[in-house]
Amino acid sequence: MQNTAQAVKAQNKPTSREVSAAGLRAFFNIARDWGLNTDEQMVLLGTPGRSTFFKWKSAPESADLKRDTLERLSYLLGIYTALQVLLPSTAAADAWVKKPNTAPLFGGKSALERMLGGNVADLVAVRQYLDARRGGWA
């Protein structure tokens with residue numbers, strides 16, 4: 001019985017390529033919703049080479065992303081989701097990332113400007129800020 005349970009569990013676990021493809025498809029939808037240009041998208045993904053980036057964009061199912069890129073995608077998906085929960089309309093949620101913000105974390109700049117610092121820590125900071133605004137822990 002235990003071997004059967006382990007086999008079922010192993011079958012249900014998505015492959016690295018499946019996770020990569022799903023993450024990239026979600027990211028490119030978010031990038032469209034946020035109105036991000038190619039350079040901004042590349043920075044948020046950790047600055048892959050241009051040919052790699054365009055291959056990911058045209059054929060996400062062929063990608064097998066490294067841990068850093070998957071971590072970035074996770075934070076970006078969390079930021080997107082938090083905004084959808086916090087703000088009353090999809091348009092407001094999508095526009096928020098580009099609006100100047102007076103919170104100390106942003107210093108009058110937008111969340112996107114903070115995220116474009118290029119470090120995973122910049123994504124973490126924005127995600128934690130939004131989680132705290134939702135009443136979660138930061």
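This is a predicted model: local features need pLDDT of at least 70, side-chain atom pairs count only at pLDDT 80 or more; totals for chains, interfaces and linings use all residues.

Me: Thanks. Which residues is S110 in contact with, leaving aside its neighbours within four places in sequence?
Reply: They are V97, K98, K99 and P100. S110 itself is found in the loop between α6 (90-96) and α7 (111-115). Helices (H or I, at least four residues) and strands (E, at least two) are DSSP runs, numbered from the N terminus.

Me: Is S110 buried or exposed?
Reply: S110 is buried, because its relative accessible area is 5%. The cut-offs are under 20% relative accessible area for buried, over 50% for exposed, and partly exposed in between (1.4 Å probe, protein chains only).

Me: And where is N37 found?
Reply: N37 is in the loop between α2 (16-34) and α3 (38-44). With 39% relative accessibility, N37 counts as partly exposed.

Me: Which backbone nitrogens lie 3.0 Å or 2.8 Å from a polar atom of its side chain?
Reply: The backbone nitrogen of D39 lies at 3.0 Å from a polar atom of the N37 side chain, and that of E40 at 2.8 Å.

Me: New topic: how do α2 and α5 pack?
Reply: Helix α5 covers residues 67-86, and α2 packs with α5 at an angle of about 45 degrees, the axes being 10 Å apart. α2 is therefore oblique to α5. Axes are lines fitted to C-alpha atoms, for helices over the stretch in contact, and angles run from 0 to 180 degrees between N-to-C directions. Angles under 35 degrees count as roughly parallel, over 145 as roughly antiparallel, 65 to 115 as roughly perpendicular and the rest as oblique.

Me: Which residues meet there?
Reply: From α2 they include L24, F27 and W34, and from α5 they include L73, L77 and Y80. By class, this contact of α2 with α5 has 13 nonpolar, two polar and one charged residues. Ala, Val, Leu, Ile, Met, Phe, Trp, Tyr, Cys and Pro count as nonpolar, Asp, Glu, Lys and Arg as charged, and the others, Gly among them, as polar.

Me: Lastly, how many helices and strands does the chain have?
Reply: The chain has eight helices and zero strands. Buried residues make up 37% of its 138 residues.

Conventions
Residues are numbered from 1 along each chain as its sequence is written. Side-chain values use heavy atoms; hydrogens and water are left out. A polar contact is a pair of N or O atoms within 3.5 Å; within protein, one must be able to donate a hydrogen and the other to accept it, and residues adjacent in sequence count only if both atoms are side-chain atoms. Contact means heavy atoms within 4.5 Å.
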